[in-house]
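Please look over the sequence and the model before reading on. The paragraphs below lead from one part of the fold to the next.

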Amino acid sequence: MATKIRLARHGRKGRPFYHVVVADSRAPRDGRYIERIGSYNPMTNPATIDLNFDRALYWLMTGAQPTDTAKRILSYEGVLMKKHLLEGVKKGAFDMAAADTKFEAWKKEKIAKIQAKIARLANESESAYKARLEAEAKVKEAKAEIVAKKQAEIAVAKAEAEAAARAEVEAAATEVAAAEAPEAQAETPAAE
């Protein structure tokens with residue numbers, strides 16, 4: 001029986017979640033499988049991979065062929081590297097202790113790269129958040145300036161209207177006083 005290591009899709013539309021399974025090559029994608037050896041969630045950054053390392057290595061050593069995506073996942077987790085080193089031990093290129101040393105050095109380097117990526121993503125997220133806050137503050141200041149200008153214009157217009165009203169009242173008062181003054185002068189000579 002030809003076995004394949006592949007992904008079985010789960011999750012709702014637009015939110016995929018995959019199970020890494022070992023299945024007969026003739027079985028449907030989400031159909032029957034022999035063994036589930038892990039899961040893969042591409043919606044997180046970096047992608048979350050939970051893999052049973054020993055079982056994946058066992059199936060690779062027994063001849064299971066990974067699909068392209070499953071091969072990338074196995075490579076990312078180091079299963080293919082371990083298989084390569086074990087084949088080197090079988091051929092006599094080096095002993096098991098040297099293979100384990102090489103694998104541990106590779107694993108440490110890989111973990112350091114992953115941690116650096118996580119830290120870089122966190123810094124980028126934080127800087128993007130700060131940039132959004134600064135942009136929002138600039139927009140808020142611009143709106144505050146516009147509102148202050150409008151309020152100043154309203155205050156000036158109101159002061160001008162009050163001054164014009166006072167001027168009209170004073171003009172009306174002077175007209176009334178001026179109209180009353182000639183009448184008073186006209187009455188005083190007639191009385192004499």
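Helix α3 is followed by Gly92, whose phi is positive, near 90°; helices here (H or I, at least four residues) and strands (E, at least two) are DSSP runs, numbered from the N terminus. Most residues other than glycine have a negative phi, and most peptide bonds are trans. This is a predicted model, in which local features need pLDDT of at least 70 and side-chain atom pairs count only at pLDDT 80 or more, while totals for chains, interfaces and linings use all residues. Residues are numbered from 1 along each chain as its sequence is written, and side-chain values use heavy atoms, with hydrogens and water left out.

Helix α3 itself covers residues 79-91, and its 13 residues should span 18 Å at 1.5 Å a residue, which agrees with the 19 Å between its end C-alpha atoms; the expected span is 1.5 Å times one less than the number of residues. The buried residues of α3 are Val79, Lys82, Leu85, Leu86 and Gly88, where buried means under 20% relative accessible area, exposed over 50%, and partly exposed in between (1.4 Å probe, protein chains only).

Turning to the strands, 5 of them form an open sheet of mixed pairing, in the order β4-β3-β2-β1-β5. Its edge strands are β4 (48-51) and β5 (65-66), each of which pairs on one side only; two strands pair if DSSP finds at least two bridges between them. Strand β1 (residues 3-10) and strand β2 (residues 17-24) run antiparallel and are joined by 8 bridges, and Thr3 stands opposite Asp24 in β2. In the loop between β3 and β4 lies Pro46, which is joined to Asn45 by a cis peptide bond with omega of about -5°.

Across β1, β2, β3 (35-41), β4 and β5 lies helix α1 (residues 53-61), running at about 120° to β3; axes are lines fitted to C-alpha atoms, for helices over the stretch in contact (heavy atoms within 4.5 Å), and angles run from 0 to 180 degrees between N-to-C directions.

Helix α2 (residues 68-77) contains Glu77, which touches Ile49, Leu51, Phe53, Trp106 and Lys107, not counting residues up to four places away in sequence. Glu77 is buried yet has no salt bridge, and the nearest side chain of opposite charge, Lys107, is 4.5 Å away. A salt bridge is a side-chain nitrogen of Lys or Arg within 4 Å of a carboxyl oxygen of Asp or Glu; Lys and Arg count as positive and Asp and Glu as negative, whereas His and the chain ends are not counted.

Over the whole structure, a search finds 9 salt bridges, among them the one between Glu109 and Lys113, whose closest N and O atoms are 3.7 Å apart. Glu109 and Lys113 both lie in helix α4 (residues 96-191), 4 residues apart, about one turn of the helix. An α-helix has 3.6 residues a turn, so residues three or four places apart point the same way. Glu109 is partly exposed, with a relative accessible area of 47%, while Lys113 counts as exposed at 53%.

Further along helix α4, Glu126 and Lys130 are 4 residues apart, or about one helical turn, and form a salt bridge with closest N and O atoms 3.5 Å apart. Glu126 is partly exposed at 45% relative accessibility, and Lys130 is partly exposed at 46%. Glu162 and Arg166, likewise in helix α4 and 4 residues apart, form a salt bridge whose closest N and O atoms are 3.8 Å apart.
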